[in-house]
Amino acid sequence: MIRVFVLDDHEVIRRGLRDLLEDEGDIAVVGEAGLAADALLRIPAVTPDVAVLDADLPDGSGIEVCRAIREAHPQIAVVILAAHDDDELLFAAIMAGAAGYLLKRARGAELVEAVRQVAGGQSLLDPVATQKVLARIREGEPAADPLDLLTPQESRILDLIGEGMTNRQIAAEMFLAEKTVKNYVSQLLAKLGLKRRTQAAVLAARRKQS
């Protein structure tokens, strides 16, 4: 029996994923959460074989959860579910140790097969995308200047963080949903190797002065 944990902030989606997976007979959903913070507490407690994590969450991202879980429990395989195709998000997922990356528009059968394959120790990541990531590492791009990893949108948000703006203020300034801004902040912190927003504010201030 493959033990699975599901993380998604929409209850209807979580229930749908649970029903889809458990209908297979060889998969059991042993836990679920709607927030990153809850997932970080519950996943170690239930020790699943596979964690299916939504990339976009109200209090962070599935990428952050993946990185933390993989560091503490490398035996847990992770599949990231993303709402849209994003090379930078895929890059972050690979760097965080994810074994799979699927778009939410994927068919149910694809997710079921993904869970089975990563539970068996296989990787579902596109070999071409993986090679691109390895090339970036070999070239030393992240080590040379992590700021180069930021998208224009993330770079703009970093500047606004440096100006002392809250997520709500940034959302109003950039005409984005506050949840979207939270996700961008989580992604840019992960890319820059930072843990706290205050560290990003300091980095932004230094960049502005240079």
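1. At what angle do α8 and helix α10 pack, and how far apart are their axes? The two helices, α10 being residues 178–192, pack at an angle of about 95° with axes 10 Å apart; axes here are lines fitted to C-alpha atoms, for helices over the stretch in contact, and angles run from 0 to 180 degrees between N-to-C directions. α8 and α10 are therefore roughly perpendicular to each other; angles under 35 degrees count as roughly parallel, over 145 as roughly antiparallel, 65 to 115 as roughly perpendicular and the rest as oblique. From α8 the contact (heavy atoms within 4.5 Å) takes Gln153, Glu154, Ile157, Leu158 and Ile161, and from α10 Tyr184, Val185, Gln187, Leu188, Lys191 and Leu192. Seven of the residues in the contact of α8 with α10 are nonpolar, two polar and two charged. In this classification Ala, Val, Leu, Ile, Met, Phe, Trp, Tyr, Cys and Pro are nonpolar, Asp, Glu, Lys and Arg charged, and the others, Gly among them, polar.

2. The model is predicted: local features need pLDDT of at least 70 and side-chain atom pairs count only at pLDDT 80 or more, whereas totals for chains, interfaces and linings use all residues. Residues are numbered from 1 along each chain as its sequence is written, and side-chain values use heavy atoms, with hydrogens and water left out.

3. The protein chain contains 11 helices and seven strands, taken as DSSP runs numbered from the N terminus (helices H or I, at least four residues; strands E, at least two). Of its 210 residues, 43% count as buried; buried means under 20% relative accessible area, exposed over 50%, and partly exposed in between (1.4 Å probe, protein chains only). Among contacts between residues at least 6 apart in sequence, 64% join residues at least 24 apart.

4. Helix α8 (residues 152–162) also packs on helix α9 (residues 167–174), at an angle of about 130° and with axes 10 Å apart. That makes α8 oblique to α9. The crossing of α8 past α9 is right-handed: a crossing is left-handed if the near helix is turned anticlockwise from the far one by less than a right angle, and right-handed if clockwise. Gln153, Arg156, Ile157, Leu160 and Ile161 of α8 meet Ile170, Glu173 and Met174 of α9. By class, this contact of α8 with α9 has five nonpolar, one polar and two charged residues.

5. Within α8, the buried residues are Glu154, Ser155, Ile157, Leu158, Leu160 and Ile161. Not counting residues up to four places away in sequence, glutamate 154 touches Leu149, Tyr184, Gln187, Leu188 and Lys191. Just after α8, glycine 164 takes a positive phi of about 85°.

6. The largest nonpolar core has 29 residues, and those with the most contacts inside it are Leu7, Ile43, Leu53, Val65, Ile80 and Tyr101. Such a core is a set of buried Ala, Val, Leu, Ile, Met, Phe, Trp, Tyr and Cys residues joined through side-chain atoms within 4.5 Å. At least two residues of this core come from each of β1 (2–7), α2 (36–46), β3 (50–54), α3 (62–72), β6 (77–82), α4 (87–96) and β7 (100–103). α4 supplies the largest share, six residues. Another core, of 19 residues, lies apart from it and includes Ile2, Leu21, Leu102 and Val118.

7. α3 and α4 pack at an angle of about 15° with axes 8 Å apart. That makes α3 roughly parallel to α4, and their crossing is left-handed. Ile63, Cys66, Arg67 and Arg70 of α3 make the contact with Leu89, Ala92, Ala93 and Ala96 of α4. The contact of α3 with α4 has six nonpolar, no polar and two charged residues.

8. Leucine 57 lies in strand β4 (residues 56–57) and is buried, with a relative accessible area of 0%. Leaving aside neighbours within four places in sequence, its contacts include Leu7, Ala36, Lys179 and Asn183. Leucine 57 and threonine 180 are 123 residues apart in sequence and 8.8 Å apart in space, C-alpha to C-alpha.

9. Most residues other than glycine have a negative phi. Threonine 47, in the loop between α2 and β3, has a positive phi of about 40° although it is not a glycine. Phenylalanine 175, in the loop between α9 and α10, has a positive phi near 60°. Threonine 47 counts as partly exposed at 40% relative accessibility, and phenylalanine 175 as exposed at 75%.
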